[in-house]
Amino acid sequence: MRVSYGAQPVLDDVSFTLSRGQLVGIIGPNGAGKTTMLKAILGLIPAEAGAVAAGGQPIARRGGHVAYVPQRDAINWRFPASVADVVLMGRYGRLGWLKRPGAADRAIARHCLEQVGMDAFAARPIAALSGGQQQRVFLARALAQEPEVLLLDEPISGVDAPTQESILAILNDLANQGKTLLLTTHDLRCNMEHFDALLALNRRVIALGPVDQVLTPDVLTRTYGTQVVLADGTRVALT
Amino acid sequence: MTCDTLWSCLATPLSFGFMQRGLAAAVMIAIVCAVIGAFVVMQELAFIGDALAHASFPGVVIAFLLKFPLELGGAVVGILTALGIGVLTRRGKLSQDTAIGVLFAGTFALGVALLSTVKNYTKDLFGLLLGDVLAIQTSDLLVIAVMGAAMLAIVFAIYKELVLVTFDPVQAEVIGLPVSWLHELLLALMAVTIVISIQTVGIVLVVAMLVTPAATATLLVRRFPLVMLVGAIQGVVGTITGLYLSFYLNIASGATIVLVLTSMFVLALIFSPQLGSRHHKASHTAARESTSR
């Protein structure tokens, strides 16, 4: 797959295969094309060359077999919606035009909210929650799409360590249920044990594999260049 | 004009045909404006609304000169302008802000130039710019009712799509909604709402009908459907109060309506401190988190 803004390719020669039921972290420096890759997979940005397939079939956007959890600046926080309203929006893609969410949709939304442990907050305005709580609500909305694949853009950034831990634990559970999850992060301090694999990206795929094979000085230098990378102490500390 | 009892105060104006028509028009317009205005406020389109009002002016003038219902002429030009803004900005060379600035001054000037071909045109110009509720005819009422009902029906039919595009346009795109088409549809709905309101409050003040009730409602309630409902109630109460005040105090009707709506907004601002501070706090946490990233 190749994606360009103007003449400059942002992603070039990116090609990889993931197996079902994996939680994969995409790491890489700012400007490496992490968000671009997620958007290209979703078809939000046209790829110049290449194709994306899930389960052997081209990714069909409508119907929502691929769900997306956006970065928080994509949301209009002024809009007065309750947590329950937001999760119910996950059903819209399945409903199609002119249909309204019914009792079955509400039940699915409630169940998804329980899965992320936010059911007690259903009636609260979404804007009044903390960043980590909002992240979990948007995860519930993605689950309400009943997707095979979930793409998450920086879901564990800007939240404290316990919140990161609880979000990663939820994502882990989902992977164990057979969902394929792909998330971007620039935070290498989080607990890497949750990930089944890491994908080191900088314009192209530097490495893809189990965590201990990717978090090596060699791969990190090739991914981040001279940038300082903080690891969780026991692993790599390189300058 | 004076009156003795509350009943006669309320009933006297209703004995005049122009007041009956004016009130009927005001109530219908207030409801449509609150529903469309809720989206305008959430998507921060007030400036575009003001521009669409000015841009529809040549259409209103042509209809006026040809003795057509003003709403029809205004609606045609307003929709064309709404689509024009969409095309100009999608071509990418100009920012939306600039495209609107150019279009709205140019079309407004065309309207003034056309109207100036009529002898003693200043009186008519004032009527169109500032609203002349006394001039509303039965045919206008019919046009307002039909167009207003059509717009409410469209919003009802694609309510969930409009909500998603407003709250989270990226998600709307992910599930395959035609986001830019929906945006232009919303602009067209705004244009039609504006032109059916022009006779009541005039081109210069019409943006208040669209924005003020919905803005007031966002201060008072925290669910989107309630914003529409409370906005509609405020709009109806405000326009009726404004018309009665204008009748008894003998002051310009459009301006009185807008002043009443603005006063209600200020009252809401003063009496919803709790909600205000909570919003404040939420946006602060948001700002803190985004800088910490």
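**Chain B and its helices**

Modeller: This is a predicted model. In chain B, 73% of the contacts with a separation of 6 or more are between residues 24 or more positions apart.

Biologist: What is the secondary structure of chain B?

Modeller: Chain B has 14 helices and zero strands.

Biologist: Why is chain B called as compact as a globular protein of that length?

Modeller: The globule rule gives 19 Å for 293 residues, and the radius of gyration of chain B is 20 Å, which is close to that value, so chain B counts as compact in this sense. The C-alpha trace spans about 65 × 45 × 30 Å along its principal axes.

Biologist: What share of the residues in chain B is buried?

Modeller: Buried residues make up 47% of the 293. To count as buried, a residue needs 20 or more other C-beta atoms within 10 Å of its own.

Biologist: How do you describe two packed helices?

Modeller: By the angle between their axes and the distance between the axes. Helix H3 (residues 46-55) of chain B and helix H6 (residues 96-115) of chain B pack at about 25 degrees, with axes 8 Å apart.

Biologist: What makes H3(B) roughly parallel to H6(B)?

Modeller: Angles under 35 degrees count as roughly parallel. The angle here is about 25 degrees, so H3(B) is roughly parallel to H6(B). The contact of H3(B) with H6(B) has eight nonpolar, two polar and no charged residues.

Biologist: Which residues meet there?

Modeller: Among them are Phe47(B) and Ile48(B) in H3(B), and Leu103(B) and Phe104(B) in H6(B).

Conventions: Residues are numbered from 1 along each chain as its sequence is written. Chains are lettered from A and ligands numbered from 1 in the order in which they are written. This is a predicted model: local features need pLDDT of at least 70, side-chain atom pairs count only at pLDDT 80 or more; totals for chains, interfaces and linings use all residues. Helices (H or I, at least four residues) and strands (E, at least two) are DSSP runs, numbered from the N terminus. The radius of gyration is taken over C-alpha atoms; the globule rule is 2.2 Å times the number of residues to the power 0.38. A residue is buried if 20 or more other C-beta atoms lie within 10 Å of its own, exposed if 12 or fewer, and partly exposed in between; C-beta atoms are placed from the backbone. Two residues are in contact if their C-beta atoms, placed from the backbone, lie within 7 Å. Axes are lines fitted to C-alpha atoms, for helices over the stretch in contact, and angles run from 0 to 180 degrees between N-to-C directions. Angles under 35 degrees count as roughly parallel, over 145 as roughly antiparallel, 65 to 115 as roughly perpendicular and the rest as oblique. Ala, Val, Leu, Ile, Met, Phe, Trp, Tyr, Cys and Pro count as nonpolar, Asp, Glu, Lys and Arg as charged, and the others, Gly among them, as polar.
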